[in-house]
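The points are grouped by topic and may be read alongside the sequence and the model.

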Amino acid sequence: MHRAEPSYLTEGSTLASWLTTHDHKRIAILYAVAITFFFFLGGIAAALIRLELATPHGDLMSADTYNKTFTFHGVVMVWFFLIPSIPNTLGNFLLPLMIGARDVAFPRLNLFSWYLYLLGGLFTVTCLLLGGVDTGWTFYTPFSTLFSNTHVVLAVVGVFIVGFSSILTGLNFIVTIHTLRTKGMTWFRLPLFVWSMYGVSLVMMLATPVLAMTLSLLAIERLTGVGIFDPSLGGDPLLFQHFFWFYSHPAVYIMVLPSMGVVSELITASVRRKIFGYRFMVYSIIGIAVVGFLVWGHHMFVAGQSMYASIVFSILSFIIAVPSAIKVFNWTATLYKGDITFGAPMIYALGFVGLFMLGGLTGLFLAATALDVNLTDTYFVVAHFHYIMVGGAVMAYLGGIHFWWPKITGRLYSEGWARFAAILMFLGFNLTFFPQFLAGAEGMPRRYYRYPDEYALLNVLSSAGAVLLAASYLLPVGYLLWSLRFGERAGPDPWGAKGLEWETASPPPPHNFERPPVVTDGPYAYVHP
Amino acid sequence: MSGLPEASSFAGRIDGLFLALLALCVVVMLAVFVTMVVFAVRFRHGRDVDRSGESHRDLGIEMTWTLIPFALFVGIFAWSIHLWIDMRTPPADAETIYVVGKQWMWEFQHPGGQREIDTLHVATGHPVRLVMTSQDVIHDLSVPAFRVKQDILPGRYTDLWFTATRPGTYDLFCAEYCGTDHSRMGGSVVVETPAAHARWLAAHASGSLAERGRTLFTRYGCAGCHDAGSSVHAPRLEGLYGSTVPLADGRQVTADERYLHDSIVLPAEEVAAGYAPIMPSYKDRIDEADILALLAYLKIRGTERESPHAPR
Ligand code: HEM
Ligand SMILES: [Cu+2]
């Protein structure tokens, strides 16, 4: 092996040099390691849940253990994986590169955010070690404030802290995009991934404080017993749900906007064609970010809110489907007259589009009040949000990791294994979650650790699918690590892709570019053959 | 929803809407999917096809393919809202059954005084309205075969209604996570023919709910202040239910189930105009099932004499 060029990876190899780095690329790696750890922690909980549900009787663990397991799964997956995954790893790594900057606007703050993330994680893990929490990731009152005997406050503090990590990341990205674009990089020359980071940062900054406030109120009520949510003191238990979903619905867009950005990049590069309708793609990102704040009430159709409120939330939920539909149509149209190669990133991207569409369309069933009555709080909802978040966001995240892997590490992975894993993931995913739509439509409630026998077949299928899915998540860990040592050297632009990040070395030098690049054209300037 | 029986008057209508939306979604999915496959095959790398020129790029296409499906979906929305309003509007002649949810059981009280745990008997063909409250956390009463579901909140009444159509025994679930035995908090709804139901009611009669309320009214000491002849300056309760009550702070409220409930548990919150806030709170001294019996009694009492406040 020949000597590697100096890169951000060779700049000091001690642990301390990593833990005190201000380089956005190294911080991205720190996040990737921590987030992967939490993903597998949440994944173990998921495996336990599916194992328990493989039989109807609740014979593997006690009801309490089960309740703590699905709570842990939810808390970890939502706050320690889905929300930070793409923004904090790919976003941190790529955002400055894509706009031709040397780093993010506040490098120290960036490192501080990572430590906050770890601190939050520490609380959550401690909470688990002390016996866990059994409220569900939604922490509904008055169960969480008056009735649960578990470590609610500890769990909530963990989430509160990780929330600040996401607020600071959002702030950092917004200032970076506003102030550090290189010469010639106008707003409408930004790659869609950068736009999606912009949209998601806005949502993070505006929505997360509401979560912080809500969790503080919950902790105060639990510790002091003042009547905020407690009806016997004149409080309102629904108030919590309004606050909670005012954050948590926008939060689902924190999970999905970055995926849309990633997939746009993967598709256009694999098709070697400009993305179809670039401006519409930008407007739809902004549209989703804004309207995402107006639909929280669709989680509460049967919670006891007024009939008229539900009607308004229902129509708004139908409206927010429009920008998502625009995305799907434009991705499809981008294929037209393209020169398409089906590498692993493209397979992940196409898989994303399929799963996202099914997840989105089933959202319409839930948005239709009369149908939601039957479907809400059943496995239909579980299937719906897993299609969007696990099918959608995880597929996009892995697709992105594969696409930019050569840039991040300087090495190529085994294409055959990668394609195999991507296809296995798609199949395993559908086998796991499609049966849950059927179980839900037939009335199986969610958060049950035992269930009537008539749902057994569908649950067995689902548990079998989970085995395939688990294998497909473990595979990339294997072949990607393998590539670090044995993979071919990638060169600056192994895919022939466009974008500033491909114009510098792989892995990039510590300050990204030899000299600041100058942009003279819009993104995706592929020449047609 | 093949495996689910259609056992209420809503079930068929909801399944119809479900199938319509499903059909629409399948069409949209197929259209996108087929187009993708065709493009993917035709334009894959290495094939000798015309790739020249800018691909067609106009506002017209974007508008058409967005607005037409959207219009269809808005049609579904309108249909759904129409059905939803019916589902939220109980008919006037519906029979009221009171429900209390607690960790982890269901308690049902029929107007005739019959009480049941975890099983609910109803007759076909007659609308039933469930008025529900919780003694502790949020629960949710769900009967998939009827396609109904409603959260049940502590300190508040929520309701749902249905007309059962098919005799049989159907699953009853708690659908809102409520702690350790959430998944055991179930039971069944037994739907009987009207004749069989009448026999069941007769066999389990034990004095009507309102009757029990009358006894409780005295036992809890309500009568001491509120009955005629009391020396305490307290509002008379005849005809109160359904009337408009002016409050001491200038607001006006309708004396519905919520108001009556809160007046017992949190009497200081809404004091009727002209009275001192001297009523003690019954919070923690009375359980929800007893409050429901009192409400049933107050409702009957309402029809017995003239209202003290402006009539409805
Ligand atoms: C775009 C990405 C989306 C994500 C990540 C997402 C995620 C979620 C999640 C996590 C839940 C479950 C809440 C719970 O724990 O009960 C949920 C429920 C729901 N989603 Fe989505 N969703 C997305 C898109 C949509 C769309 C496009 C619609 C409507 C057109 C929609 C409508 C709903 C509704 C109505 C519910 C409430 C379900 C219920 O509790 O009855 N979602 N979604
Ligand atoms: Cu319950």
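Predicted model: local features only at pLDDT ≥ 70, side-chain atom pairs only at ≥ 80, totals over all residues.

**Copper site in chain B**

- Four residues coordinate the copper ion (ligand 2): His139(B) through ND1, Cys174(B) through SG, Cys178(B) through SG and Met185(B) through SD, at 2.1 to 2.6 Å.
- The site of the copper ion (ligand 2) is tetrahedral, as the angles among its four donor atoms run from 87 to 129° and the class requires all angles to lie between 85 and 135 degrees.
- Along the chain, the donors of the copper ion (ligand 2) show the spacing H-x34-C-x3-C-x6-M.
- Because His139(B) belongs to strand E6 (residues 139-143) of chain B and Cys174(B) to strand E9 (residues 168-174) of chain B, the pair ties together parts that are 35 residues apart in sequence.
- His139(B) and Cys174(B) are both buried.

**Interface of chain B and chain A**

- In this interface, 74 residues of chain B are in contact with 83 residues of chain A.
- About 7,200 Å² is buried between chain B and chain A, and carbon and sulfur atoms give 69% of this area.
- Trp84(B), Lys149(B) and Tyr177(B) together supply 11% of the area that chain B buries against chain A, which is more than any other three residues.
- There are 16 residue pairs in polar contact across the interface of chain B and chain A.
- On the side of chain B that touches chain A, the elements giving two or more residues are helix H1 (9-42), helix H2 (59-87), strand E7 (148-152) and E9 of chain B.
- H2(B) gives the most to this side, with 13 residues.

**Salt bridges between the chains**

- Two salt bridges are found across the interface of chain B and chain A.
- Asp50(B) forms a salt bridge with Lys337(A), with the closest N and O atoms 3.7 Å apart.
- Arg156(B) and Asp236(A) also meet in a salt bridge through their side chains, at 3.2 Å from N to O.
- This pair crosses between chains: Arg156(B) is in the loop between E7 and strand E8 (158-163) of chain B, and Asp236(A) is in the loop between H8 and helix H9 (237-271) of chain A.
- Asp236(A) counts as partly exposed, at 27% relative accessibility.

**Salt bridges within chain B**

- Over all chains, a search of the whole structure finds 18 salt bridges.
- Asp86(B) forms a salt bridge with Arg13(B), the closest N and O atoms being 3.0 Å apart.
- Since Asp86(B) lies in helix H2 of chain B and Arg13(B) in helix H1 of chain B, the pair ties together parts that are 73 residues apart in sequence.
- Asp86(B) is partly exposed at 29% relative accessibility, and Arg13(B) is partly exposed with a relative accessible area of 36%.
- A salt bridge is also formed by Asp181(B) and Arg184(B), with the closest N and O atoms 3.8 Å apart.
- A network of salt bridges links Arg88(B), Arg129(B), Asp159(B), Glu257(B) and Lys299(B).

**Backbone features**

- Most residues other than glycine have a negative phi, and most peptide bonds are trans.
- Asp118(B), although not a glycine, has a positive phi of about 65°, and its place is the loop between strand E3 (115-117) and strand E4 (119-123) of chain B.
- Arg147(B), also not a glycine, has a positive phi of about 60° and lies in the loop between E6 and E7 of chain B.
- Asp118(B) counts as partly exposed at 22% relative accessibility, whereas Arg147(B) counts as buried at 0%.
- Thr141(A) and Pro142(A) are joined by a cis peptide bond with omega of about -5°, and Pro142(A) is in the loop between helix H5 (107-129) and helix H6 (143-147) of chain A.
- Another cis peptide bond joins Ser506(A) and Pro507(A), with omega of about -10°.

Methods:
Residues numbered from 1 in each chain as written. Chains lettered and ligands numbered in written order. Heavy atoms only, no water. Donors = N, O, S within 2.8 Å, 3.2 Å for Na, K, Ca; no water. Tetrahedral: all angles 85-135°; square planar, octahedral: opposite > 155°, others 65-115°. Helix = DSSP H or I, 4+ residues; strand = E, 2+ residues; numbered from the N terminus. Buried < 20%, exposed > 50% of the residue type's maximum accessible area, 1.4 Å probe, protein only. Contact = heavy atoms within 4.5 Å. Buried area = accessible area lost by both parts, 1.4 Å probe. Salt bridge = Lys/Arg side-chain N within 4 Å of Asp/Glu carboxyl O. Polar contact = N/O pair within 3.5 Å; in protein donor to acceptor, adjacent residues only side chain to side chain.
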